[in-house]
Amino acid sequence: MEKRIKSIYIITIIAILAFLWMQSYWLYGRYEFSLKEYERNLADSITVCVDRYNTIRDTSVDTVNRTDPGRETESNVIIVPSFSLTQQYGDTVKTTRTAKIRTYLFSAHELLGLKPGTPLTNEQKNQALKLADIQAKEAVDSVVFDASGAKDENEAWGATRNIQTERKCPFMGSGLDSILSKAGIKADISLIKADSMIWTSKVNYRLSAFKPEVSLTIPYSQLEGKAVNIVSAINPLDVIPEMWQTLLFSLAISMLLIVCLVLQISTVLKLSRLDRMRNSFITTMIHELKRPVTTLKMCVSGLENEKIMADRDARKEMLTETRNALDILSAYFSKLRDITFNNVSQIPLNLQPLNIHHLFEAVTKATVIPSDKTVSFKNDIDESLEISADRSHLYNILNNLVENAVKYSGKEVEITASATVSDGSLELQICDTGNGIPTRDLRHIFKRFYRGKASAGEQPGMGLGLTYVRLLTEAHGGRISVRSEEDKGTCFTINMPQ
């Protein structure tokens, strides 16, 4: 039985560990999936912020100045973008796109007919710009780019426009950082210039469980090879709330399974404990019944002996022993009966006046003292003290306490009884100088079938004695308490109403 229980216990632990590992593996997979989705959303948000910043730059070029309004000079610069499309035919058709950037120099004051040095309003600057677009004929600078890498004409035209935007309103990391901050995104921004043209954005995901991050390279002037590199670190705690439903479901299932497994092993252990208690009960019952049964057997055998029956004193002693053995059996079966009651009110009481001093004397005389021990009794109860109680039950209470004091003691022990009645209440104390009760056992000793670790292997018993004492005390409407110190002794105090 013990080997089977140990095997079930080990298998249960292995099952719990295996389940937790599988759950952890599955949750990690779910975390990676949520992390990828979070990274994609973050990359999309960063791309939107870059597009928004480029839109702001384009707007500032088109509507504010296109001509550098911060400097009050007579000469203003205008950039005119254009691109052409050519196709070459041979064995294959080859498409070539060419982007051309031309720069013109003009005087706004001359075009408007104003005196040089006169401050210009924005309206006058825009009017001068329109006149320059019409009248400018010869460019002071012209740059040609091969835009064949663009996927279509729109992309080539956009790249050409981006050069105009970059020259008029350069891409600034601080400008993009402010937009990202407003969107709640923290990132490291760096501007790079490649040796070749960069036409498409690149996104790199670093799928690390503890230090995930997203890295984007987004071109803002394709023809010049200019791009911005944005690296945004991800806090794993920001990803976990996205999977709270999964975590909650997994936690509920895990707790349910673990609780079921724990209850299962707990039930098995309880059954094992009940089996041990049953064996202990049978062993103890045999031990308790053996002495009175042996006595009765001897007395019955003596009835066949004519010499014993002829001896009046011997016959009287034999009858006394028979009566004592029957009393012991009756008390033992009454004890078993009372233990089975679910409510102390069910225990029958026969209240009567009795002398508690004489009752304790009767208990001490009936106590069996081992041959290897020296036990002394001290009866400090007033000889005239009478109380109202069930004599049989109170006798059993005293008998149990005295027997425990004798059992759990060294070679010598002194047992003292004292009692007082005041304010309609009896206070009865049974103290001894025995081994004492460990502190860890004090709050459990009145529980049914509980046996302290210090005494479980030393004396036979089922852990019912003190439970029986408590039940009988409560049946009288009283209560029992205990104080003890290891190696110094124990004192039980019983309070009963009178």
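1. To find the pairing on screen, look for A419, whose bridge partner in β12 is L428.

2. Now step back to the sheet around that pair. The open sheet holds 5 strands in the order β9-β11-β12-β14-β13, and its pairing is mixed. At its edges are β9 (374–379) and β13 (479–485), each of which pairs on one side only. On average, and with direction ignored, neighbouring strands here are turned by 15 degrees against each other.

3. There is another open sheet to visit, built from 4 strands in the order β4-β7-β6-β5 with antiparallel pairing. Its edges are taken by β4 (188–193) and β5 (202–206); each has a single partner strand, so one side of each is left without a neighbour in the sheet.

4. Strand β7 (residues 226–233) runs antiparallel to β4, and 6 bridges join the two. A handy landmark is K193, which stands opposite K226 in β7.

5. Which helices pack on this sheet? One is α4 (residues 153–168), which touches β6 (213–221) and β7, its direction making about 95 degrees with that of β6. Helix α5 (residues 173–182) also packs on the sheet, touching β4 and β7, and its direction makes about 145 degrees with that of β4.

6. Next comes a helix pair. Helix α10 (residues 356–366) packs against helix α11 (residues 391–407) at an angle of about 50 degrees, and their axes lie 10 Å apart. The two helices are therefore oblique to each other, and α10 passes α11 in a right-handed crossing.

7. From α10 come I356, L359, F360, A362, V363 and A366, while α11 brings R391, L394, Y395, L398, N399 and V402. Sorted by class, the contact has 10 nonpolar, 1 polar and 1 charged residues.

8. Finally, a word on confidence. The protein chain has an average pLDDT of 79, and 81% of the residues score at least 70. Over residues 62–75, however, the pLDDT is below 50, although this stretch has 36 contacts in the model beyond near neighbours in sequence. Where pLDDT is low, the predicted coordinates should not be read in detail.

How values were computed
Residues numbered from 1 in each chain as written. Predicted model: local features only at pLDDT ≥ 70, side-chain atom pairs only at ≥ 80, totals over all residues. Heavy atoms only, no water. pLDDT = per-residue confidence, 0-100. Contact = heavy atoms within 4.5 Å. Axes fitted to C-alpha atoms, helices over the stretch in contact; angles between N-to-C directions. Parallel < 35°, antiparallel > 145°, perpendicular 65-115°, else oblique. Left-handed = near helix turned anticlockwise from the far one by under 90°. Nonpolar A, V, L, I, M, F, W, Y, C, P; charged D, E, K, R; others polar. Pairing = 2+ DSSP bridges.
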